[in-house]
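Welcome, and please load the model in your viewer. We will walk through it one selection at a time.

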Amino acid sequence: MKYTADDLNELKDFALKMKDKGVKGKIFVNQGNYNLEEPILSDENTAGRQPLQIFRIVIQTDEEAIYYEYLFNEATDLEEINVQLEEVYMHFEKEIVSVEYMNNLVR
């Protein structure tokens, strides 16, 4: 892994730079629950909330790779990030991968 993007714009800039250079690559995407620890007790502030989710993406090219992760708990957040990435998805093949596969990529 070359580096981790600090924000979505950095990820998009990387992808567009690779596209402009004519570099081939692939996008690996994983989305799932994010649990550091399960809460022992819940209160009225946590009852009924959506679980925290994590969206992880790796863009791997012939030259280098970049990793980005985004934590969210509303489905609309995931929809919005995918809309913002549509331009990137058009230029690189996209593959949805398992948690284990993503973990291996990130190592």
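Is tyrosine 3 buried, partly exposed or exposed? Select tyrosine 3 to begin: with a relative accessibility of 28%, it counts as partly exposed. Keep in mind throughout that this is a predicted model.

**Stop one: aromatic pairs**

The count of aromatic pairs comes to three. Phenylalanine 14 counts as buried, at 2% relative accessibility.

Now select tyrosine 70 and phenylalanine 72. This aromatic pair is stacked, at 6.1 Å centre to centre and 15° between the planes. Tyrosine 70 is partly exposed, its relative accessible area being 25%, whereas phenylalanine 72 is buried at 5% relative accessibility.

**Stop two: a loop residue**

Move on to asparagine 73, which you will find in the loop between strand 4 (65-72) and helix 2 (75-84). Asparagine 73 is partly exposed, with 27% relative accessible area. Which residues does asparagine 73 contact, leaving aside its neighbours within four places in sequence? Show Gln50, Pro51 and Leu52 to see them. The C-alpha atoms of asparagine 73 and leucine 52 are separated by 4.7 Å, although the two residues are 21 residues apart along the chain.

**Last stop: a lysine over a ring**

Finally, select tyrosine 89 together with lysine 94. Lysine 94 lies over the face of the tyrosine 89 ring, at 4.1 Å from the ring centre.

Technical notes. Residues are numbered from 1 along each chain as its sequence is written. This is a predicted model: local features need pLDDT of at least 70, side-chain atom pairs count only at pLDDT 80 or more; totals for chains, interfaces and linings use all residues. Side-chain values use heavy atoms; hydrogens and water are left out. Rings of Phe, Tyr and Trp (its six-membered ring) pair if their centres lie within 6.5 Å; planes under 30 degrees apart count as stacked, over 60 as edge-to-face and the rest as tilted. Buried means under 20% relative accessible area, exposed over 50%, partly exposed in between (1.4 Å probe, protein chains only). A charge sits over a ring if NZ of Lys or CZ of Arg is within 6 Å of the ring centre and within 35 degrees of the ring normal. Helices (H or I, at least four residues) and strands (E, at least two) are DSSP runs, numbered from the N terminus. Contact means heavy atoms within 4.5 Å.
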